[in-house]
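Me: I've got a protein model open and I'd like to learn how to read it. Could you walk me through it, one feature at a time?

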Amino acid sequence: MKRHKNRRYRTIWTFKEFKFVEENYGIIPTTLIAETLGRTVDAARWVVRNQEKRLRDPYQPWTEEEKAIIRTHFTAGCGIAQIMSLLPGRTRRAIYLIKDKLNVHSPRHWNEQERQVLVQYYPVEGMAVAERLPGRTRVSVRQAAYSLGLNLPGSETRPVQQKWTQKELLRLEANQSLPLAELAVLFPGRTPV
């Protein structure tokens with residue numbers, strides 16, 4: 001006989017379980033509801049579909065106020081968690097869909113023109129290129145330059161940091177009790193600090 005991993009498989013639902021589903025459906029994932037109750041996801045969904053009282057509100061069109069929140073906060077660079085807190089009842093997916101429909105862009109994403117400015121001026125000016133990019137901070141410039149593989153001016157003269165090989169790590173572990181001067185001799189090409 002096949003045994004199901006859900007401890008409450010094919011048992012009668014209790015009032016307490018119905019209440020738990022009613023209070024949490026749409027707030028926490030259905031998989032978590034099912035797991036908490038020891039039920040299958042399909043069973044939890046069946047309960048939702050067969051409730052006399054609807055657990056989810058029917059689709060509500062986006063209001064102009066909600067659209068204004070999307071426009072204002074996405075263009076200000078706010079994260080999705082913050083925006084979701086301002087739009088109770090709207091899912092992450094719904095917010096992203098309306099954002100795309102409204103053609104709203106977050107400053108976290110760089111457009112092609114901004115990337116070109118970064119590629120052209122960052123190797124020459126470094127962090128000062130932020131002044132050429134309105135709305136961009138020095139931190140965001142650094143992150144974008146790193147993701148594009150751009151180097152700061154004069155960085156070619158700095159030594160390139162090399163990853164430690166497995167042999168070197170084993171040698172270091174075996175000789176960790178030695179003074180720093182003696183360790184440096186064992187690792188030519190590595191700096192003492």
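Reply: Let's start with a word we'll need: a residue is buried when its relative accessible area is under 20%. Keep in mind that this is a predicted model. Take E66 as a try-out: its relative accessible area is 15%, so E66 counts as buried.

Me: Which helix is E66 in, and what does it touch?

Reply: E66 is found in helix α4, which covers residues 64–75. Leaving out residues up to four places away in sequence, E66 touches P61, L87 and R90.

Me: Okay, let me zoom out. How many helices and strands does the chain have?

Reply: There are 10 helices and 0 strands. Read from the N terminus, the elements go α-α-α-α-α-α-α-α-α-α. The chain has 193 residues, and 28% of them count as buried.

Me: How do I read a single helix?

Reply: Here's the general idea: an α-helix has 3.6 residues a turn, so residues three or four places apart point the same way. Now try α1, whose buried residues are E17, V21 and N24. Looking down the axis of α1, these buried residues fall within an arc of 85°, so they line one face of the helix.

Me: Which exposed residues are on the face turned away from the buried side of α1?

Reply: That face carries F15 and K16, which are exposed. As for the buried residues of α1, their cover includes α2 (30–37) and α3 (41–49).

Me: Back to E17 for a moment. Is E17 buried or exposed?

Reply: Buried: the relative accessible area of E17 is 7%. E17 sits in α1, which spans residues 15–24. Its side chain reaches the backbone nitrogen of T14 at 2.9 Å.

Me: What comes just after α1?

Reply: Look at G26, which takes a positive phi of about 90°. You'll find another case after α8, where G149 follows with a positive phi near 75°.

Me: How should I think about a nonpolar core?

Reply: In general, nonpolar side chains in soluble globular proteins tend to be buried together. Here the largest nonpolar core has 12 residues, including W110, V117, L118, L133, V141, A144 and A145. Helices α7 and α8 each supply at least two residues of this core. Apart from it lies another core of 10 residues, among them W62, I83, I98 and V104.

Me: What does L133 touch?

Reply: Skipping residues up to four places away in sequence, L133 touches W110, E114, V117, L118 and V141.

Me: What about rings? Which charged residue sits over the ring of Y121?

Reply: That's R132, whose charged end is 3.7 Å from the centre of the Y121 ring. Elsewhere, R39 lies over the face of W13, at 4.4 Å from the ring centre. The structure also holds 2 aromatic pairs.

Me: Last one: how do I read a loop residue, say N175?

Reply: For its place, N175 is in the loop between α9 (166–174) and α10 (180–186). For accessibility, N175 has 22%, so it counts as partly exposed. For contacts, N175 touches L183 and L186, not counting residues up to four places away in sequence. Finally, for distance, N175 and L186 are 11 residues apart in sequence and 9.1 Å apart in space, C-alpha to C-alpha.

Terms used:
Residues are numbered from 1 along each chain as its sequence is written. This is a predicted model: local features need pLDDT of at least 70, side-chain atom pairs count only at pLDDT 80 or more; totals for chains, interfaces and linings use all residues. Side-chain values use heavy atoms; hydrogens and water are left out. Helices (H or I, at least four residues) and strands (E, at least two) are DSSP runs, numbered from the N terminus. Buried means under 20% relative accessible area, exposed over 50%, partly exposed in between (1.4 Å probe, protein chains only). A polar contact is a pair of N or O atoms within 3.5 Å; within protein, one must be able to donate a hydrogen and the other to accept it, and residues adjacent in sequence count only if both atoms are side-chain atoms. Contact means heavy atoms within 4.5 Å. The arc is that of the directions from the helix axis to the C-beta atoms. Rings of Phe, Tyr and Trp (its six-membered ring) pair if their centres lie within 6.5 Å; planes under 30 degrees apart count as stacked, over 60 as edge-to-face and the rest as tilted. A charge sits over a ring if NZ of Lys or CZ of Arg is within 6 Å of the ring centre and within 35 degrees of the ring normal. A nonpolar core is a set of buried Ala, Val, Leu, Ile, Met, Phe, Trp, Tyr and Cys residues joined through side-chain atoms within 4.5 Å.
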